[in-house]
Each structure stands twice: as C-alpha cells, then as structure tokens.
2 protein chains.
Amino acid sequence: MKCKKIVLKQMYNGFPKKSDFEIVEEDVAEDLQNGEFLYESLAISVDPYIRSLVGAGYKRGDTVIGSVLVRVTKSKIEKFQKGKLLVLNCGWRNGGKAKESDVFFVRDDMPALVPETAGLGLYGIAGLTAWIGWILVCKIKKGETIFISGAAGAVGNVAAQIGKIKGCTVVGSCGTDEKVEFCKNIGYYAAFNYKKESGSLDAAIKRVAPKGIDCYFDNVGGSFSSTILRHMNSGGRVGVCGSISAYNETTPVLAPILQPTIGKNELILQGFRLRSHVSNYREAYEDLKKWTIEGKMKNYEKVTKGFENVPDAFIDMLRGGNVGKAVVRL
Amino acid sequence: MKCKKIVLKQMYNGFPKKSDFEIVEEDVAEDLQNGEFLYESLAISVDPYIRSLVGAGYKRGDTVIGSVLVRVTKSKIEKFQKGKLLVLNCGWRNGGKAKESDVFFVRDDMPALVPETAGLGLYGIAGLTAWIGWILVCKIKKGETIFISGAAGAVGNVAAQIGKIKGCTVVGSCGTDEKVEFCKNIGYYAAFNYKKESGSLDAAIKRVAPKGIDCYFDNVGGSFSSTILRHMNSGGRVGVCGSISAYNETTPVLAPILQPTIGKNELILQGFRLRSHVSNYREAYEDLKKWTIEGKMKNYEKVTKGFENVPDAFIDMLRGGNVGKAVVRL
C-alpha cells in the first residue's frame, strides 16, 4: 500500500520553517509476519520535545518522531485486531506497518467519555508528564501554592487540573489574554499574561502568589524561571520538564544564575524524562481515569485538520498558538 | 574590660576593600549574670558566606559575623568554666561577653590530635558543610565520580577527603598550580587549574572525568557550573552550597541556562544551608572524629596572624589565596 510520511528536508536552524519539512511517499508491503500489523493514522501529536531532539541524533531525511493515534487495518497480533485504536510512537505518518513494541497506549485504557485523541493529550505524553512532575517529582501537597509556566499548554492544563484536585492553589503564566481566560475556567486561582508584565514580572508573581511559591512546574526555562525561583519558599521543589525558551535558539541562552537562589532558599530542582518512569504509567492512568470519571478532569485540545498541515501545526504550537494539546486530525 | 571588634565602615560595593572595615573599641562590663561568661579570642574564621550576607540584613556599623575560637576567662556557666575552649558565633571580636546560646562547638568534642583551630575548619562550618553536602544531599556512593569546584578550599578539601573515604573517584578544579599539587596530596584522583583551561574547559573535564560526573559539589556557581552540568551522568546529583562567582558582582551574573541539561540528564540540584541540618551535626562529628582518629582525615588550614589582619585575610580568601581553611590567629 502507498503511505505518506513527513521527513526533515533540512536541519532547521533556529525556528523551524515549513520548508524544513517534506512529505514523502513510501510503499509498505502488506504481507505481515507474526507480531506485526498495518494501520491508518487518525491523528498526529505535535509536541515541543520534537523540536528539542533535532541535533540529538536526527539527520536529513529522517521521519519526524511523534505519537500518532491509529486504527489497526490488518493484524497478526491477537490482542490488536482490525479496528482497534492505538497510540503508536511511529512518527509523522498517515499509515504504515508496526509491531507491538511501537504501541504506546491502547484506547481501551481510557474512559469512553473522552475523545479518542485524548490518547495524545490527557492520556498521552502530556498528561503523563504533568502527573509525574507533580506527583513523583515535586510531591505537591494540599494547601501549597504551585506555579505552572506554559499554563494553558498541553502539559500545563493537565498539571493545573491535577493541582486543583490535590487541593493546591494553582497559579501560572501564559502568553495571551485568551489563555489567561482559559486558565481561569480550568481551575487556576490566578494567571497572568507574561508578555504584558515584562517590566514588572516580580510584581505579577507577587500578585498571583502573595505567600510565595512552593512548587514550580518549569516548562520554559531561561530568564523567566530565574525570576520565578526568587519567589519560591524555603524547601520549594521544581520539576524541570522542558525549556521551550531555548529550543529554537542558535546560540546558548543566558539567564541570571540560579545557584544563589537555590542555595539561599534550599530549593530542589529535578529534571525528569518520561521514559525513566515507565513503571509508574499504570498508576498515573488509574489516577487520570478516576478523575475523568468523577468529572474533575477534562481533555483540552486544539485540533488542526489535514496531514499536509502537520508542520504548520507544529510551528504554530512552538509559537504558543495552542490552548490545550495541539493535535492534527487526518 | 576593653575589647575590640571589627565593624562594617561602609557597605561594600563589589569586591570588599580593607577600607570597608574598621576596628572599634568597646567597654565590656565584667559582672556576669547566670548563664554568661567572658572570653578572649584565640582565632577568627573568615568564610565566603560572610561576603554573601552583606545586603541581607547587614548595615553600617554592624560587627562582621563569623565563628571565633575563644578561651573562657570568667564564667557563670558550670560546664564552661575558665580555660574551656569554645567556638562562638560572636563575630570578629578579640574578646567579650557571651551566653550559652552563642556556643557553636566545644573543643572537647574533637580528638586531641587536631589543633584547636580545627574547630573553625574540619570541625567547623566548613567540615559540616562538606559532610552534609555529600552524605545528606548528594548521597555519594562507592565507585562514583564526584567533582568538587573550589577543590583546595575550606569546604573542598574536607569534601575531597570524605569522598576518598567513601570509595569515590574524587576530581576537581581550583585556581592555582600550587592548589593542584595540594589536591593530589590529599586524595584527589585528578584536579586541574581552571584558569589555565579556560579555552578548553570541556576537554579538561573529560580528561579528569572520562566516565562522566555522578555528583557535583558546587561551590562556585555561574558559567563554570553550567559547563560541569553538561558532563554529568543521568541521575546525577548536585549539592548547591555556595556561589562565590557571584558574591562580589554588582550586577546579576548571567550564565548559559541550566534547564536543558537538568532535564536531559535528569539531574537533581539541591540547595542547602547548614542551619536546616542542626539535628545531623552529632552524626557528622562522630564520622569526622572516627576518620580523624583512624588517620584518614586531616585539618588543613592557612593561618594569618594578628587581629588587625582579619579583613586582609578575608579579602585574600575571597581572591582564592588560601589552601585549606583560612583562619586568623590572634
């Protein structure tokens, strides 16, 4: 069968451009070995981590990595028969052949009341990242003030919902007034548009977190985070997840050094990657499921349509164009 | 009785100068209430943390803080009779009146085989800091490669000895060739003079730590530490103790941001202050004592003489002039 994939046409330099990507056709042989299956893609996830991996092993002509929601069309795996919905780590493809180890998530593991694409958002990498950051890394506690940068984003919106459920005062920052409104609707105690507060970031932080910040979900890094750290209470914990402020820069990004603040406020900063916590996924899914069924948690997403628009959706997401998880439905 | 103290004549701006300090005479009434004693000072400790506290509560005319080794001359406390040697948190004074809560350490708690001034070094703030950083914060393990910046300094030399005792490969950096030599003699596997490696710091680090760094005792902060972090192994731990690179700057110090490295290498950075670990001092002293008696651990110090030379010794220490703990004997 004929399938399409999106490959890196050239290594992008700084902010990715549409012309850095190329759609390529490929022939996929339809005969299957045991343990293989064919699929058609239904939706593709575009995530910041995809940007960060260029330079770390990517080369020209490689298929762009990413999670994809697929439907099985033909199978030699008993548990994944035709029609089954799965999330695969297969990269930006509209269909193809895969094996069991490519399967990241099975739709049956989510409550029926969320859309299938929640497997790319709330029940995907974004939701797991939020759960691991707060529950395993920062160990947020009832009554604490917790701050989320990238407050309305894919990870941020789930982190906020978890924080609210855990009895925390959830505050955060984002880049548009529309996002600030969204934040208020999903449980934030307060949020601000950092682009309007650049002259008085300290004042904005004090306004939303007058008692100081106990935990910080750092999705952005850079100078912004240096400022947040100065407002943290003694013994505060920081989950270092992403550094979107640095992904698209071609020279090293400088910011006020963190060590004086880390030392003085006895902070703990901990970096984490999803793949080191695979053994905790089950526990995370159980929590997310329970909260979804109880009506305390929702999947928020921004949907773009069309395989050919995946690069545009990716670039838009890096620019902060998404409220909730950015996905592309084919 | 007439005593002398050293006060801050003006708030120093950038690097401290001798003229920022002033010796002032004071009259100390010799009559004692219960729980008080008189003392004469034998030696004064000069430490980096003293620099960092200016701006955080100091004002003109305040006596400079610091630990002092004293001999009790008259007492209304049964356990601290005349002749007893104590370390007090009394600031830069050549004598005075104190009470039990000013006592930091009792000479009787050290083995007789170390000099009395070890109460300011190996058994003082420096030694406790080294012990807490490695044992409680980083939890160093046998076989790990551990890196110490400020390798030959007050904290660094003790940290190195502890690392060696714990079966680690101890490596580090310092600022003179003389210090590199000293490092080799106290148990470092390798050390380098960072001032000679500024063009190829990465190469120097790879040379001394070819298998990467598992734990890092960060005494300096800044750009140097940003580079060290990039050479850390996954799951590495960093004890953030001091930031001497920033103490004397008048504008915020910038360095390449840490978050991408913290995230990618899943590092844990933890700031710590001594006063939060008072309940562990006893355990620390027991370890240090045991190691001293077994001949595995020594007190290294650089001694200056004369009360009037305390400011000079302080400034010299900030410039990196000391090998081991900088103390001033009166």
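Two strands are taken to pair if DSSP finds at least two bridges between them. By this criterion, in the predicted model, β14(A) pairs with strand β14 (residues 268-271) of chain B through three bridges, and the two run antiparallel. Within this pairing, L269(A) is placed opposite L269(B).

The pairing of β14(A) with β14(B) belongs to an open sheet of twelve strands. The strand order is β10(A)-β9(A)-β8(A)-β11(A)-β12(A)-β14(A)-β14(B)-β12(B)-β11(B)-β8(B)-β9(B)-β10(B), with mixed pairing.

G172(B) is found opposite A191(B) of β10(B). Helix α3 (residues 154-165) of chain B packs on the sheet, where it touches β8 (145-149), β9 and β11 (213-218) of chain B. The direction of α3(B) makes about 165° with that of β9(B). A further helix, α4 (residues 177-185) of chain B, lies across β9 and β10 of chain B and runs at about 175° to β10(B).

The contact between the chains draws 30 residues from chain A and 30 residues from chain B. On the side of chain A that touches chain B, α6 (222-230), β13 (254-256), α8 (259-264) and β14 (268-271) each supply at least two residues. This side of chain A comprises 16 nonpolar, eleven polar and three charged residues.

Helix packing was also examined within chain A. The axes of helix α2 (residues 125-138) of chain A and helix α3 (residues 154-165) of chain A come within 8 Å and cross at roughly 50°. Because of this angle, α2(A) is oblique to α3(A). The crossing of α2(A) and α3(A) is right-handed. From α2(A), the residues A126(A), G127(A), T129(A), A130(A), W131(A), G133(A) and W134(A) take part in the contact, meeting A154(A), V155(A), V158(A), A159(A), I162(A) and G163(A) of α3(A). The residues of this contact divide into nine nonpolar and four polar, with no charged residue.

As to confidence, the mean pLDDT of chain A is 92, and 95% of the residues of chain A reach 70 or more. For the complex, the predictor gives an ipTM of 0.87 and a pTM of 0.90.

How values were computed: Residues are numbered from 1 along each chain as its sequence is written. Chains are lettered from A and ligands numbered from 1 in the order in which they are written. This is a predicted model: local features need pLDDT of at least 70, side-chain atom pairs count only at pLDDT 80 or more; totals for chains, interfaces and linings use all residues. Axes are lines fitted to C-alpha atoms, for helices over the stretch in contact, and angles run from 0 to 180 degrees between N-to-C directions. Helices (H or I, at least four residues) and strands (E, at least two) are DSSP runs, numbered from the N terminus. Angles under 35 degrees count as roughly parallel, over 145 as roughly antiparallel, 65 to 115 as roughly perpendicular and the rest as oblique. A crossing is left-handed if the near helix is turned anticlockwise from the far one by less than a right angle, and right-handed if clockwise. Two residues are in contact if their C-beta atoms, placed from the backbone, lie within 7 Å. Ala, Val, Leu, Ile, Met, Phe, Trp, Tyr, Cys and Pro count as nonpolar, Asp, Glu, Lys and Arg as charged, and the others, Gly among them, as polar. pLDDT is the predictor's confidence in each residue, from 0 to 100.
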